[in-house]
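Please follow the dialogue with both views open.

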Amino acid sequence: MLELNVGGIPAGGSDLIKDTSEATFMVDVIDASHEVPVIVDFWAPWCGPCKTLGPALEAGVQAAKGAVKMVKVDVDQNQQIAAQLQIQSIPTVYAFYKGKPIDAFQGALPASEIKGFIDKLIAESGGEVDEGLGEAIAAAEAMLEEGAAVDAAQTFAAILGEEPNNPAAYAGLVRAHLALEELDKATALLDNAPAELNGLPEIEAVRAQLDLLRQAEDTGPVAELQAAVDSNPDDHQARLDLAVALHASGDAQAAVDQLLELFRRDREWNDGAAKTQLFTVFDALKADDPVVLNGRRKLSSMIFV
C-alpha cells in the first residue's frame, strides 16, 4: 500500500514525485524534463478538487514506472511560478518535455483520462505504453454497456487480480453489481475499498449512484409520483421522490429538471434538499455529461439571481 504523508508525497520520498519551489523549479522541472516528461501539478491546501486529483496523478505516475515524473507546486508558497505560467485557477496541470510545456489541463479528471494524458506523454517522448489493462478495462466497459453485466463483473474482477488498486476497474466492478441489482455487494465493495481509492472521482461517482439507488427503494412508481406532483405542484416531498424515481429509471435529465424546479419553488425546504440531491446526481454522472454541465449552469443562475 502506498503510504502518503500530509502533503500527498509518498512517505520516505520518491524519485518520481516531489515538491518543488521557486529555487528548485529549473532543476526539478526544466532540467529533469530533458530525460522524461515531467508533470507539474499546481495545487493549494484549500483547494477541494486538488485533494482528489493529486493522489490520482500520483497513482498514474507510479504506475508508469519511471516513464514520467511528477512535481507538485503549492501556488500559495510559489506565486512567482504561478504568475509566470499564467495559472488562473487550480488544479492546473502542465506537462514539460525537453524544457518546454507540451500539454496541460485544468480541473479534476477521472483516472481513465489521467491515464490517457500520461500515456500520450509517454508516447510523445518515445516511451512504451503498457496497454494491456487499458484494453481489458475498455472491453469490460463495452460488456457493461451491452447489458452483459455478469461478464463485465468477471472481467473487472480479473483486472483487479492483476492490479488490486486500479480505480477504473474497481469502480467498474461496483457498477456491474449495481446493474445486476446486487446493491449489498456493491455496498460491501465500497465499504472495503483500498484507502488509496477513497475520494477518487470514479469511486465517488459509483458511491453517488449507489446512494441514489438506495433512495429509490423507498419511493413509489414514477407514474404515481408524477400524478401527485401534477395534482399538487407544491408537494415538495412528492417532487423529490419523483426525481429519485426518474433517475433510477434512467432518466437523469428529467430528474435534474424536477430538482431544479423544486429548488426554484423553495430552495430552503428540508435543509436545502433540492440542492443536495442535485449534487448527488451530478456526482453520479461524468463531469462532462451535458446533463451535468447544463444543470450546474442553471443552478448557478438561480443561486445568483
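Q: Which domains does the assignment give for the protein?
A: Keep in mind that this is a predicted model. The domain assignment gives domain 1 (17-125), domain 2 (134-218) and domain 3 (222-304).

Q: How many residues of domain 1 are in contact with domain 2, and what area do the two domains bury between them?
A: Seven residues of domain 1 are in contact with five residues of domain 2, and the two domains bury about 490 Å² between them, with 72% of that area on carbon and sulfur atoms. Of the area that domain 1 buries against domain 2, Thr52, Pro110 and Ala111 supply 55%, which is more than any other three residues. The centres of domain 1 and domain 2, taken over C-alpha atoms, are separated by 28 Å.

Q: What should I look for in the backbone?
A: The general idea is that most residues other than glycine have a negative phi, and most peptide bonds are trans. In this structure, a cis peptide bond with omega of about 0° joins Ile90 and Pro91, and Pro91 is placed in the loop between helix H3 (79-84) and strand E4 (92-97). Lys98, although not a glycine, has a positive phi of about 55°, and its place is in the loop between E4 and strand E5 (100-106). Asp271, which is not a glycine either, has a positive phi of about 60° and lies in helix H13 (residues 269-284).

Q: Why does Asp271 count as exposed, and why does Lys98 count as partly exposed?
A: Exposed means over 50% relative accessible area. Asp271 counts as exposed because its relative accessibility is 76%, whereas Lys98 counts as partly exposed because its value is 43%.

Q: Where is Thr155 placed, and which residues does Thr155 contact beyond its neighbours within four places in sequence?
A: Thr155 is in helix H6 (residues 149-162). A polar atom of the Thr155 side chain lies 2.9 Å from the backbone oxygen of Asp151. Leaving aside neighbours within four places in sequence, Thr155 is in contact with Ala136, Ala140 and Met143.

Note on methods. Residues are numbered from 1 along each chain as its sequence is written. This is a predicted model: local features need pLDDT of at least 70, side-chain atom pairs count only at pLDDT 80 or more; totals for chains, interfaces and linings use all residues. Side-chain values use heavy atoms; hydrogens and water are left out. Helices (H or I, at least four residues) and strands (E, at least two) are DSSP runs, numbered from the N terminus. A polar contact is a pair of N or O atoms within 3.5 Å; within protein, one must be able to donate a hydrogen and the other to accept it, and residues adjacent in sequence count only if both atoms are side-chain atoms. Contact means heavy atoms within 4.5 Å. Domain bounds come from an automatic or database domain assignment. Buried area is the accessible area (1.4 Å probe) that two parts lose on being put together, summed over both. Buried means under 20% relative accessible area, exposed over 50%, partly exposed in between (1.4 Å probe, protein chains only).
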